[in-house]
Amino acid sequence: MASTAKRLLEQLSHPGPHDVLRGDLALVGLPGVVFTPRSGLNLPAVAFGHGWLQAPGRYHGLLRHLASWGIVAAAPATHRGVLPSHRLFAADLRTTLDLVTSLRLGPDGISVDPAKLGLAGHSIGGGAAVLAAPDDDTRRRVSAVATVGAAQTMPPATTAALRITAPGLHLAGEEDLLAPATGNAEAISKAWAGPVQLRTIPKMTHLGVTEGTHWSQLLLQGKPQHTVQRRVRALFTAFFLTELAGDDTYRELLDSDLKAARITYQDEASPAKV
C-alpha cells in the first residue's frame, strides 16, 4: 500500500493531461486570476487565498497544476496589505466561487458544477478559507477545504472550524516559524466538525510553498522549496479530485501515512462530534 501511495504522490506531482487556459477575474469585477482546463463542463472549482503580503502570482504554478488535472482554480488578488481584513478576504473567496460558477469560462464555454466547490489557501489565506467554509442559507455549499501553513485569523478560524462538516486537509510545515502547527493548523484541525486530516511536510518553512522571488522574503521566514511545492500540489490534487470530482483513484494516497507527508492528526468525525 505504501508503495502505491508513493507512486500516486509522484504521479500527481507532475502536470495532468489537460491543456490550461489563464483568465483575469478583474474583467468581471474582482482583481485576481483564474486557471481552467481548455475544455470541460460541470467541472470542480477551487478558490485559493494567498498568504500574508503575498501576491497570487506566487501560487500560479499550484493553480495551473490543479487546472491541468481538470479543476478550475481561481485566486482573488485582494487584501494584500500589512493589515488585511480576514473576514472580508473570506468574503472575496466566496465571491470568487460565485463568479466561476455563474459565468461561462473560456472560448468553448467551460462550466463549473455548483455542487463541486472547494476552498484552499496558504497562511492567512488558509485561515480565510476556513472562515469562508461554514454553510449558511445564503451561500453555495463548500464540499472540501485544503490549507497549507494555515494561520489563525480574526475572527478565529478555530471557531469557524466548529461549523465545517466538509472534509478538510491541512498541511503544516515542520520548520514553519511564522505559522507553526501548534495554535494554527493543529488547532484548526482539532476543532473541525467534519472528517479532517493534518499532515506535516518535512523541512517546510513558511514560504516553502510560494514560487519565485518577492520582497517579503526579507521579512518572512523561508523561501520557495521545490520539493515542498511538488508535495503540496500532489496532495491538494488528490484531495480535490477525490472530494470534489468523486474520483477514488487517489484515495489510497490520502489514506496512507508517508514519510514525505506524515499524518499527525486525523478524525473521521463521529456523529456525536458533528
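**Before you look: what "partly exposed" means.** A residue is called buried under 20% relative accessible area, exposed over 50%, and partly exposed in between. Keep that in mind for the close-ups, which all come from a predicted model.

**Close-up 1. Arg262 and Glu174 meet in a salt bridge.** Their side chains come to 3.7 Å, N to O. Follow the chain and you'll see that this pair links distant parts: Arg262 sits in strand S9 (residues 262-267), while Glu174 is in the loop between strand S7 (168-173) and helix H6 (185-191), 88 residues apart. Is Glu174 buried or partly exposed? At 41% relative accessibility, Glu174 counts as partly exposed, because that value falls between the 20% and 50% limits. Arg262 is partly exposed too, with a relative accessible area of 31%.

**Close-up 2. Glu10 and Arg230 make another of the six salt bridges found in the whole structure.** Here the N to O distance is 3.2 Å.

**Close-up 3. Asp248 and Arg251 form a salt bridge.** The closest N and O atoms of this pair are 3.1 Å apart. Arg251 counts as partly exposed, at 31% relative accessibility.

**Close-up 4. The largest nonpolar core has 43 residues.** Which members touch the most others? They are Phe48, Leu171, Leu235, Phe236, Phe240 and Leu253. Helix H7 (residues 226-243) gives the most to this core, with nine residues. Zoom in on Leu171 and, leaving out residues up to four places away in sequence, you'll find it touching Thr147, Val148, Gly149, Arg199, Ile201, Val232, Leu235 and Phe236. Apart from this core lies another, of 41 residues, including Leu131 and Trp192. In soluble globular proteins, nonpolar side chains tend to be buried together.

**Close-up 5. Gln229 is a buried residue of helix H7.** Its relative accessibility is 10%, so it counts as buried. Setting aside residues up to four places away in sequence, Gln229 touches Gly208, Val209, Thr210, Glu211 and Pro224.

**Close-up 6. Aromatic rings pair up in four places in the structure.** Take Phe48 and Tyr59: the ring centres are 4.9 Å apart and the planes sit at 50°, so this pair is tilted. Phe48 lies in strand S3 and Tyr59 in the loop between S3 and helix H2 (60-68), so the pair ties together parts 11 residues apart in sequence. Phe48 is buried at 2%, and Tyr59 is buried at 0%. Now Trp69 and Tyr250: with centres 6.1 Å apart and planes at 80°, this pair is edge-to-face. Both Trp69 and Tyr250 are buried. Ring pairs also link Phe236, Phe239 and Phe240 into a cluster.

**Close-up 7. Helix H3 (residues 86-102) has 17 residues.** From first C-alpha to last, H3 reaches 24 Å, close to the 24 Å expected at 1.5 Å a residue. Its buried residues include Phe89, Leu93, Leu97 and Val100. What covers the buried residues of H3? Among the covering elements are strand S2 (32-37), strand S5 (112-122) and helix H4 (124-132).

Definitions and conventions. Residues are numbered from 1 along each chain as its sequence is written. This is a predicted model: local features need pLDDT of at least 70, side-chain atom pairs count only at pLDDT 80 or more; totals for chains, interfaces and linings use all residues. Side-chain values use heavy atoms; hydrogens and water are left out. A nonpolar core is a set of buried Ala, Val, Leu, Ile, Met, Phe, Trp, Tyr and Cys residues joined through side-chain atoms within 4.5 Å. Buried means under 20% relative accessible area, exposed over 50%, partly exposed in between (1.4 Å probe, protein chains only). Helices (H or I, at least four residues) and strands (E, at least two) are DSSP runs, numbered from the N terminus. Contact means heavy atoms within 4.5 Å. A salt bridge is a side-chain nitrogen of Lys or Arg within 4 Å of a carboxyl oxygen of Asp or Glu. The expected span of a helix is 1.5 Å times one less than its number of residues. Rings of Phe, Tyr and Trp (its six-membered ring) pair if their centres lie within 6.5 Å; planes under 30 degrees apart count as stacked, over 60 as edge-to-face and the rest as tilted.
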